[in-house]
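Here is a short briefing on one protein model. Look over the sequence and the structure first, then work through the points by topic.

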Amino acid sequence: TPTVAGTFTYTVIPSSGASFGGTITVNSNVSTPVFNTGLTDNRCMGSGTDTYLATANNTSGIVYTLSALAAGLIDASAGKVTWSSGFSGTATITATAKGCEENTSTFTVTVNPAPNITPGSDPELCQGFGNTQLSYTNPVNNPTTYSIAWTSPGFTAVNDLLLPAGNIPINVPADASVGIHSGVLTLKNAAGCTSKINFNIK
């Protein structure tokens, strides 16, 4: 039994008649696949694509699979994952190197959910008053900071402020016109995932 890879010649000498021979090729065992460096192992929930490639010695090809099934779809030969927009949790990419004594390796991806709140009613205030509050309840997925952008002129945007409990302060210019003013509240959590909520003051 050959203990190393290579091509070997053999000869059979029968007890009678002519001898005969030939060659036999012994292939090397496949090495354990190694995923490339710099791959995405942490992402925010949402659609998109990432490619996960691995290499192995002495393989005839590498086949990729993805679990959980709800995470999305994977190209079995190219390792390209198309993520499901609604999935969060842990996903595992498995690379199987085909050949003699095939080997597998796994790569784990954490898909983080977006933060959210349930906003209260749109704030109302009288002209000339300088501030109000946007109330909220039911914070989910650990929102930690907030930003506000405005479509109305004269309102000052805020960026990445710590999210207070229950009420978000809103500064209103003293000369703000009567009517509805629209803003976009952006929430962010420790994983860097964001969500946007439209609101009005009037």
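A residue is called buried when its relative accessible area is under 20%, exposed when it is over 50%, and partly exposed in between, using a 1.4 Å probe and protein chains only. This is a predicted model: local features need pLDDT of at least 70, side-chain atom pairs count only at pLDDT 80 or more, and totals for chains, interfaces and linings use all residues. Residues are numbered from 1 along each chain as its sequence is written, and side-chain values use heavy atoms, leaving out hydrogens and water.

**Surface patch**

- Phe-20 is partly exposed, because its relative accessible area is 48%.
- Phe-20 sits in strand E2. Strands (E, at least two residues) and helices (H or I, at least four) are DSSP runs, numbered from the N terminus.
- Tyr-10, Val-12, Phe-20 and Ile-24 make a nonpolar surface patch of about 360 Å².
- Patch residues have over 30% relative accessible area and no salt bridge; nonpolar side chains (Val, Leu, Ile, Met, Phe, Trp, Tyr) are joined within 5 Å, like charges within 9 Å.
- A salt bridge puts a side-chain nitrogen of Lys or Arg within 4 Å of a carboxyl oxygen of Asp or Glu.
- Accessible areas come from the Shrake-Rupley method with a 1.4 Å probe; for residues, only the protein chains shown count as cover.
- Strand E1 (6–12) and strand E2 (20–26) each supply at least two residues of this patch.

**Nonpolar cores**

- A nonpolar core is a set of buried Ala, Val, Leu, Ile, Met, Phe, Trp, Tyr and Cys residues joined through side-chain atoms within 4.5 Å.
- The largest core has 20 residues. Phe-35, Tyr-52, Ile-62, Tyr-64, Trp-83, Ile-93 and Val-109 touch the most other members.
- Two or more residues of this core come from each of strand E7 (61–67), strand E9 (80–83), strand E10 (89–98) and strand E11 (103–112). E10 gives the most, with 4 residues.
- Leaving aside neighbours within four places in sequence, Ile-93 has contacts that include Phe-35, Tyr-52, Tyr-64, Ile-74, Val-81, Phe-107 and Val-109. Contact means heavy atoms within 4.5 Å.
- A second, separate core has 17 residues, among them Ile-168, Ile-170, Leu-185 and Phe-199.

**Ser-195**

- Ser-195 belongs to strand E18 (residues 194–201). With a relative accessible area of 15%, Ser-195 is buried.
- The Ser-195 side chain reaches the backbone oxygen of Pro-115 at 2.5 Å. A polar contact is a pair of N or O atoms within 3.5 Å; within protein, one must be able to donate a hydrogen and the other to accept it, and residues adjacent in sequence count only if both atoms are side-chain atoms.
- Not counting residues up to four places away in sequence, Ser-195 touches Ala-114, Pro-115, Asn-116, Leu-185, Thr-186 and Leu-187.

- Thr-90 lies in strand E10. Its C-alpha is 8.6 Å from that of Ser-67, 23 residues apart along the chain.
- Beyond neighbours within four places in sequence, Thr-90 is in contact with Ser-67, Ala-68, Thr-108 and Val-109.
- The peptide bond from Ser-67 to Ala-68 is cis, with omega near 5 degrees.
- Ala-68 is in the loop between E7 and strand E8 (72–74).

**Positive phi angles**

- Asn-58 is not a glycine, yet its phi is positive, about 65 degrees. Asn-58 lies in the loop between strand E6 (54–55) and E7.
- Asp-160, in strand E15 (residues 158–162), also has a positive phi, near 50 degrees.
- Asn-58 counts as partly exposed at 46% relative accessibility, and Asp-160 counts as partly exposed at 45%.
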